[in-house]
Amino acid sequence: GIRIAAHHFLKAGDMMLRVTVLCVGKLKEAFWRDASAEYEKRMGNFCRLSVIEIEEERLPDNPSQAQIHQGLQNEGRRLLAKVPDGAAVITLCIEGKMLTSPQLAERIEELALRGHSDIVLIIGSSHGLAPAVKEASSLRLSMSGMTFPHQLARVMLLEQLYRAFQINAGGKYHK
């Protein structure tokens, strides 16, 4: 069936899916870094994962809308410069679509079956993402109607990616 074919595609040696999580800013606390590293390690069996951090724009304490806009534009250019040609781009944004874990797993599988060998997931700063970055995405994803610090959002995203690969591989983790 399709699920078996996709599983074989996802595991096929050098054809292993490349997944990049592009983030604005660094994980400051050790506990976030430890949690992130744990999911990065677990995902090594399923894909070639890389987490790339770009520097957050420095803004004044009470930035104007114009300063925020300019900061997002600058971050956006740096983010888009890191996206490989032909990659499927998924942005995390508050107005995005909420998916269940199985639906996210299905989307990842569909992208792989359509021939995308690179999937890039982008997490912006606390001010969000530049419109150009959102426009470059094939899926705008929302983790929740709630707001989370983007350090936690990164760990949550990595956990959901791990869960998606487990689901697609028929693993028990997601139960």
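This is a predicted model: local features need pLDDT of at least 70, side-chain atom pairs count only at pLDDT 80 or more; totals for chains, interfaces and linings use all residues.
## Helix α4

The buried residues of α4 are Ser101, Leu104, Ala105, Ile108, Glu109, Leu111 and Ala112. Buried means under 20% relative accessible area, exposed means over 50%, and partly exposed lies in between, with a 1.4 Å probe and protein chains only.

Residues are numbered from 1 along each chain as its sequence is written, and side-chain values use heavy atoms, with hydrogens and water left out.

Helix α4 spans residues 101–113 and has 13 residues. From first C-alpha to last it reaches 18 Å, close to the 18 Å expected at 1.5 Å a residue. The expected span is 1.5 Å times one less than the number of residues. Helices (H or I, at least four residues) and strands (E, at least two) are DSSP runs, numbered from the N terminus. Just after α4, glycine 115 takes a positive phi of about 100°.

## Aromatic cluster

The whole structure holds 4 aromatic pairs. Rings of Phe, Tyr and Trp (its six-membered ring) pair if their centres lie within 6.5 Å; planes under 30 degrees apart count as stacked, over 60 as edge-to-face and the rest as tilted. Phenylalanine 46 and tyrosine 162 have ring centres 6.1 Å apart and planes at 65°, so this pair is edge-to-face. Phenylalanine 46 lies in the loop between α2 (30–42) and β2 (48–54), and tyrosine 162 in helix α6 (residues 150–168), so the pair ties together parts 116 residues apart in sequence. Tyrosine 162 is buried at 9% relative accessibility. Phenylalanine 46 is buried too, at 10%.

Phenylalanine 46 also pairs with phenylalanine 165: the centres are 5.9 Å apart and the planes at 20°, so this pair is stacked. Phenylalanine 165 is in helix α6, 119 residues from phenylalanine 46. Both of these phenylalanines are buried. Ring pairs link Tyr39, Phe46, Tyr162 and Phe165 into a cluster.

## Cysteines

The structure holds 0 disulfides. A disulfide is a pair of cysteine sulfur atoms within 2.5 Å. Cysteine 47 is in none; the nearest cysteine sulfur, that of cysteine 23, is 14 Å away. Cysteine 47 is buried at 3% relative accessibility.

For cysteine 93, the closest cysteine sulfur is also in cysteine 23, at 14 Å, too far for a bond. Cysteine 93 is buried, with a relative accessible area of 9%.

## Largest pocket

The largest pocket has a volume of about 470 Å³. A pocket, on a 1 Å grid over the protein atoms alone, is an open set of points where a 1.4 Å probe fits, with protein on both sides within 12 Å along at least five of seven lines; lining residues have an atom within 4 Å of a point. Grid points are joined across faces, edges and corners, and the volume is the space filled by probe spheres set on the points.

The lining has 22 residues, and the closest to the pocket centre are Leu92, Cys93, Ile94, Ser125 and Phe148. β3 (88–98), β5 (139–142) and α6 each supply at least two lining residues. The largest share, 4 residues, comes from β3.

## Serine 64

Serine 64 lies in the loop between β2 and α3 (65–81). Serine 64 is partly exposed, at 33% relative accessibility. Aspartate 118 is 54 residues from serine 64 in sequence and 36 Å away in space, C-alpha to C-alpha.
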